[in-house]
Amino acid sequence: MSMTSNVVLPKIVRVIPRNRNIEFLLLLFASGIHAFELAQVQLSTIEVLTPEFFLYWLPPTIFAFVLHLILRLRASEADPLILPIAMVLNGLGLSMIYRLDLGSIANGGTELFGVKQIIWTMIAMAVAAAVIIWVPSHLFLRRYVYVSMILGLGLLLAPSLPFIGRSINGARLWIGIGPLTFQPGELAKIALTVFFAGYLVTRRESLAIVGRKIFGIRIPRARELGPILVIWAGSLLVLILQRDLGTSLLYFGLFIVLVYVATGRSIYVIVGVSMFLTGALVAGRLMDYVSGRFDSWLNPFSPANYDAVGGSYQLAQGIFGLAHGNLLGTGLGGGIPHLVPLAESDFIIASLGEELGLIGLFAILIMYLLLVSRGIRIGFNHPDDFSKLLATGLSFVIALQCFIVIGGVTRVVPLTGLTTPLLAAGGSSLLANWIIIGVLLRISDSIGQGEKAVN
Amino acid sequence: MNRELKRVSILIFAMFLSLFIASTSIQVLGAEGYSQDQRNVRAVYDSYKTQRGAILVDGVPVAESQKADDVYRYTRIYANEMYSGVTGFFSIYQGATGLESATNSYLTGQNSSQFFEQISALLSGNPVQGASVELTIDPVAQKAAWDALGKMKGAVVALDPKTGNILALVSKPGFDANLLAVHSGAESNANYQTLITDKNNPLLNRAYSELFAPGSVFKVVVASAALESGAYKAESTFPNPSKLQLPGTNVFIQNSGEGKCGGKSTVTIADALRFSCNIPFAQLGAAIGQDTIRKQAELFGFGKKVMFPMTSTASVYPENMDNAQTMLSAFGQYDVKTNPLQMAMVSSAIANQGVLMKPNLVENVLSSNLSVLAAPQPEIFSQAVSQATANSVRDMMIGAVQRGVSGNARIKGVTVAGKTGTAQNGQGQPYTLWFTGFAPAEDPQVAVAVVVADGGGIGQGGVGNSLAAPIARKVMQAVLRK
């Protein structure tokens, strides 16, 4: 793969504050917020501070400061906001999962998630550190574009395989060996983003050439539609095999946005969106599960949907929980979020909305928006097209996933089985999102070293 | 590519904007509606979050919330079935009745009198504790009433005539409110079904909710009306036949002994009350008219709901009756309906020189830090009759107990005033048996009303004096500690 000729070196705008000291202060703040949350959780549920506080507080704090040191040594120009935001979100998730565990213990529950989540947090942050250390530059990933494709498709389709594939709550998104389960789709999104970015960088010229004009719109040449058809078919396959509209929408949406950014042709968006809608509508007609999800979305409070098995009970209870939170929330430990099934994973946003209120939910949304905007900003400022697409893709995938999950809980879109990035319980999701954080940090550093890298 | 990136940024912003709007519409704009959805159990859980205040009798809890190890945090514990007619129940699944409902805002700590506690709770993060409610109930009298009713279906209300304080309030059969306070929905619902289908209907409060035909105890009201009208005195006489045809009908009424009322050709109002004769009262009723009787009945509280703080069912004196019906109503038949609380109020007014005090069950309300949030003061309900009428009716009632047909209420060394009643409920139906009265007549400490429903289990075999009067005697003895 040769670099294409279009790499026009823009004048390098040094807008990202390359100051690790800012990051240090923000990390102190993030660690303090986390400590405050944990103290509130313990005081309001068990009314005493126990050493478990440190079990939940120290690992993210220590790992974050280690990451900070690694950045000072290996990527000193990296964006200073990304790590603290990721830490706040991960810490908040931990606090809520721990709080739900305490509530569950009080009610005689035995299925706990907190310790698993702590272990996965440490593993995920260590892997993020490894990414920063071992991936020397953004271009490193370009060498593995087609490996990424195979890896991505393999991971994506693994749950559909016999023997290792597992269905949980109707969606076949997991692989499992014995008691261990893993959601490979989360890692697939990174591999596929690398593949999309690498593929589009090489093909953007030919994709951008469009053919005849019909109704004032330039139609792409038939052969350029090929890859889009392949990805479209793949998404529908995911929808059919894994019974999850969210995953399907996530990959297709990611691809369409990257094609648009790479080519600047809005026709791909129009064609892509209409293809996806057609596919989804046909699937909705043919598959009960999809039409059921639509019914539940439109009428979650109708008794028929509410009482149906796999109906809108969870969605309705989640909304009751959010409404219970009102403007200010009940305070951590003050609500009853465990009334909602999967309060620690799919519905963690309802749990947080109940206890932190609309204000807390807004703060969470703003942090995601800030995280995503930092990523998009890297895309804006990076001189290299591959890195631009990679940063944009990884940021957009976080944004789209937030939209699909939180939108599912708040009835903006039908509910699907994705997890809220960095917040929700689940090792695969944490691992994948921390890798994204690592890659974004790595790419943002290379802006500073831009000239060196491109040359 | 940056032009496209800018558009993607706008798209991302729009996606998040939709999340901001959706969450606002759920959490703020729609919150009220969602909280009222009956499938949303959070409001119920909330009511269990703070420790609900206790209901106390002489400082001893008859209902209290104790720590529980489940999501509801507290379990409501009821000490004794004999208070079920007072406390009612507090259930996650069946709601609340009785005092649990009537004083709910105090018990939950949400009453406006706890405003400052609520503010400090908001600032400190500790929930407001419920206030406890101390009752006016005399536990000795309550137990006497409960025991005296035995297995009979009925109710007792005892009042302090000078203050209106309720000293005893029993409805039988009672129920075990703990059965409904259990946290398991299946268990609570099953227990509720058992109670609601029980043929004795234990959840029905016979002391202030159910209405009964009063029979002869209503003669106290009619006698008061006659004296208040100024046209009659206790010694005023009426003809004394042994049978009387109701005007416009071929129905004859008789006195309960099926003879004359005493041996003379005429009978006084005082003797008619003493021997509980129907014919003279029918004539008296026709003479003074239904409007006079109704006016008097309403001064005693008929036709009004009383908040004490539970809400009673209003007693009924019918309207637009013809002469025959007026005559029947004058000895408490036809469609006259009342309950023990109302009849205790009638006795209490006579006992208190005509001044009817408003019944009240709450001595005071104490916040968790023991400051007094409310202490209801005695309130005048009405000047039901003049002092002279009260004294005159009192003397007639003394006659009924000391020298008349209500003798089973007599207490050695104490002058008791009272009146029995044996109301008919139709051909072959068991009687409703009554007693109402007060003691000591010279300085009344207690006014009481007893109703025994379904003939006390022996159909038409019992009368007020045989079944209801002894219960009233035991309650009065308990209050007077005699």
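First, the conventions. Residues are numbered from 1 along each chain as its sequence is written, chains are lettered from A and ligands numbered from 1 in the order in which they are written. Because the model is predicted, local features need pLDDT of at least 70 and side-chain atom pairs count only at pLDDT 80 or more, while totals for chains, interfaces and linings use all residues.

Let me start with the sheet. In chain B, five strands make an open, antiparallel sheet, and their order is β8-β7-β19-β18-β17. Helices (H or I, at least four residues) and strands (E, at least two) are DSSP runs, numbered from the N terminus. Two strands pair if DSSP finds at least two bridges between them. At the edges are β8 (166–172) and β17 (417–423) of chain B, each pairing on one side only. From one strand to the next, the twist averages 5 degrees. Axes here are lines fitted to C-alpha atoms, for helices over the stretch in contact, and angles run from 0 to 180 degrees between N-to-C directions.

Inside the sheet, β7 (residues 154–159) and β19 (residues 446–452) of chain B are joined by six bridges in the antiparallel sense. As one pair to look up, B:Val157 has B:Ala449 in β19(B) as its bridge partner.

Now the helices on the sheet. Helix α17 (residues 387–402) of chain B touches β17 and β18 (432–439), and its direction makes about 70 degrees with that of β17(B). Contact means that the C-beta atoms of two residues, placed from the backbone, lie within 7 Å. Helix α18 (residues 464–480) of chain B lies across β7, β8, β17, β18 and β19, at about 30 degrees to β18(B).

Next, the other chain. How many residues of chain B are in contact with chain A? There are 31 of them, and they meet 39 residues of chain A. On the chain B side, α1 (2–29), α2 (31–36) and α3 (42–49) each supply at least two residues, and α1(B) gives the most, with 18 residues. By type, that side divides into 15 nonpolar, ten polar and six charged residues. Nonpolar means Ala, Val, Leu, Ile, Met, Phe, Trp, Tyr, Cys and Pro, charged means Asp, Glu, Lys and Arg, and the others, Gly among them, are polar.

On to the backbone. Most residues other than glycine have a negative phi, and most peptide bonds are trans. The bond from B:Lys172 to B:Pro173 is cis, with omega near -5 degrees, and B:Pro173 sits in the loop between β8 and α9 (178–181) of chain B. The bond from B:Ala439 to B:Pro440 is also cis, with omega near -20 degrees; B:Pro440 is in the loop between β18 and β19 of chain B.

B:Asn201 has a positive phi, near 45 degrees, and lies in the loop between α10 (185–197) and α11 (219–228) of chain B. Is B:Asn320 buried or exposed? B:Asn320 counts as exposed because it has 6 C-beta neighbours inside 10 Å. The cut-offs are 20 or more other C-beta atoms within 10 Å for buried, 12 or fewer for exposed, and partly exposed in between, with C-beta atoms placed from the backbone. B:Asn320 has a positive phi too, about 50 degrees.

Last, B:Phe90, in strand β4 (residues 90–91) of chain B, is buried, with 26 other C-beta atoms within 10 Å.
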